[in-house]
Amino acid sequence: MAEITLVEAVNQALGYALEHDPDVLLLGEDIGVNGGVFRATVGLQARFGPQRVLDTPLAESGIVGAAIGMAAMGLKPVAEIQFTGFIYPAIDNIINHAGRMRHRTRNRLGCPLVVRSPFGAGIHAPEHHSESPEAIFAHMPGIRVVIPSSPARAYGLLLAAINDPDPVIFLEPTRLYRLFRQEVVNDGAALPLDACFTLREGSDVTLVSWGAMLQETLAAADQLAEEGVSAAVIDVATLKPLDMQTILESVARTSRCVIVHEAPRTAGFGAEIAAGLADAGLYSLAAPVQRVTGFDTVVPLSRLEHTYLPSVARIVDAVRKALAA
Amino acid sequence: MGTVASFDIGYTRYLDPPGASPVSSSPLPPFATDPDALLPLYRAMVLTRQFDLKAIALQRTGKIGTFASALGQEAIGVGVASAMRREDVLVPSYREHAAQFVRGVSMTESLLYWGGDERGSGFAAAPHDFGNNVPIGTQVCHAAGVAYAFLLRNEARVAVCMLGDGGTSKGDFYEGMNMAGAWHAPLVIVVSNNQWAISMPRSRQTAAHTLAQKAIAAGIPGEQIDGNDVVAVRHRVGEAIERARAGDGPTLIEAVTYRLGDHTTADDASRYRDESTVKAHWQAEPLLRLREHLVKLGAWDAGREEALVRECSQQVAQAVEAYLSLPPPDPAAMFDCLFATMPAALQEQLATARRYAAPHQPNPN
């Protein structure tokens, strides 16, 4: 069994889907001969041809809009938006059309579309290459938002997203693309959508995060373990629809919760989870819910991005604050 | 300086409005002298006109919501849809019920849609057609994707996209048209240029002399037709559809017409345009144009006209009756088609919606 990186896992999942389902096709900018700017689609055009691994004109709204038309005809397009900072021209099509197609045609036309996009900060990228807009999509009806945090989950969740009959925004943390390797079996096995993954059990505090921030979150859990604090770690994975039950059950055991995300704080998805705890988990809480997030600023240029991103120290301090309450 | 590119935009009209000189000496297409071919087109146009009149009356009496009339544009929708095959796919804007009725969308469904009832988008007899596209121009991208799907699957089907003149100012119009051109996909884009985007006249929408020439920038053929001449619409759109079906790529057709009514029932066009101009355009309206042609062919007279209007008006009345007598929608209509399988959180919210369902809105009854 091979150990592969997250970007290789994405490539394998796409290759598996293309090989086993003639309805699957990929489209996006530079995904063909070039294999994508992150090489997520490398080699796939050579294997499956330029019609199924389609280099498109440079037009983000057009890419998603055309993918919606393909999906309505029963294809399963996987559209790549080169960086999430460039997804905004396509938001009209994602929100007004992908999220509503099934609803506004009364189930006649579905939208089995996946929009993949590298997202998040921490790779010294230029301006507009580091945003985390997941909450925008999670707010919008009819759309799933899925974020992997490891090669195995990237493989299994991407296959699940492609198989899902409804639109999925699949955000791939660029910082994790080549950060570490993991054994992944290329057997086409999908992981469940709409379910959190409990990465660690724990009894003193529940740490909730997604995407690349799970690196800092897990490191914080390690450091806390050395101090004798037992932290549960939950990877939300599917932000919408949210598996609040898994988070509530963990917090019922730990009585404390710290939510970590790199997106800005205000109206970030952490607020939704905190509200979910206030709704249905308030009586199990022994301390206020803490949020450790990016700042309400523009993601800075690269020299300050590691100040912008929540650090292990910020997470550990938030846990200490929760434990002291 | 030399020349690296140049272009011409053709214009087609067969049936001339009163006082206009003929555009070309090209003979009428064969169907245009065959009453059996023309009468279904005329009937569909009269039906749409009767529907529009009734729908506006229903809005004025609170029985439907805001409605976008197709008054004066009947020939475009009827001509386009009659040139399509059943298995082709229509991707329309929100003002194309003339085309939708020919495609099989029922007048009751249209009333339900404008009456605020989700069931109006069911399109039982046109299951592959897209719904009314309300955001402007995005549907051109969708239609390009539909056309690409036909190409990929090697299906002899064509996507037909309809939008208005204002829509050609949107980026998505160009993105969709450009992609279809790059892919050589079977797409026909029909712009119903009714001269008005709410209050913005065509002359101020763009400095381009025609909207058809926007095709040139995408590398596809573009042409203009008289959108009030159903023979021109049926013939030129039909040719474009069959070229697309044969693998010869997309076409942009600008059908020139005039919006004789307000933008919608929520608009008052007297705020921004002169009624005398509108009156002048009634001389060129499409039903009159075809009717006079039918009279010339000896296929029409006042008696037949009266009978047809009566019959269409009765058909509209039956659709209205079916609309008004449908029981109100269950709150589930908000939830049940959002996802293929309803997520748990939505099931909880549906239970809340049912528990607190508002008294039925004063539709209808």
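Me: In this predicted model, why are helix 3 of chain A and helix 6 of chain B called roughly perpendicular to each other?

Reply: The axes of helix 3 (residues 60–72) of chain A and helix 6 of chain B cross at roughly 65°. Angles of 65 to 115 degrees count as roughly perpendicular. Helix 3 of chain A and helix 6 of chain B are therefore given that name. Their axes come within 9 Å, and the crossing is right-handed.

Me: How do you know which residues of helix 3 of chain A and helix 6 of chain B meet?

Reply: Contact requires C-beta atoms within 7 Å. Helix 3 of chain A brings A:S61, A:G62, A:G65 and A:A66. Helix 6 of chain B brings B:G171, B:D172, B:E175, B:G176 and B:M179.

Me: What makes 5 residues of this helix contact polar?

Reply: Gly is counted as polar. A:G62, A:G65, B:G171 and B:G176 are among the residues that meet. The contact has 2 nonpolar, 5 polar and 2 charged residues.

Me: What makes up the side of chain B that touches chain A?

Reply: The whole contact takes 31 residues from chain B and 34 residues from chain A. On chain B, helix 5 (138–152) and helix 6 (171–183) each supply at least two residues. Helix 5 of chain B gives the largest share, 10 residues. By class, the chain B side has 18 nonpolar, 9 polar and 4 charged residues.

Key: Residues are numbered from 1 along each chain as its sequence is written. Chains are lettered from A and ligands numbered from 1 in the order in which they are written. This is a predicted model: local features need pLDDT of at least 70, side-chain atom pairs count only at pLDDT 80 or more; totals for chains, interfaces and linings use all residues. Two residues are in contact if their C-beta atoms, placed from the backbone, lie within 7 Å. Helices (H or I, at least four residues) and strands (E, at least two) are DSSP runs, numbered from the N terminus. Axes are lines fitted to C-alpha atoms, for helices over the stretch in contact, and angles run from 0 to 180 degrees between N-to-C directions. Angles under 35 degrees count as roughly parallel, over 145 as roughly antiparallel, 65 to 115 as roughly perpendicular and the rest as oblique. A crossing is left-handed if the near helix is turned anticlockwise from the far one by less than a right angle, and right-handed if clockwise.
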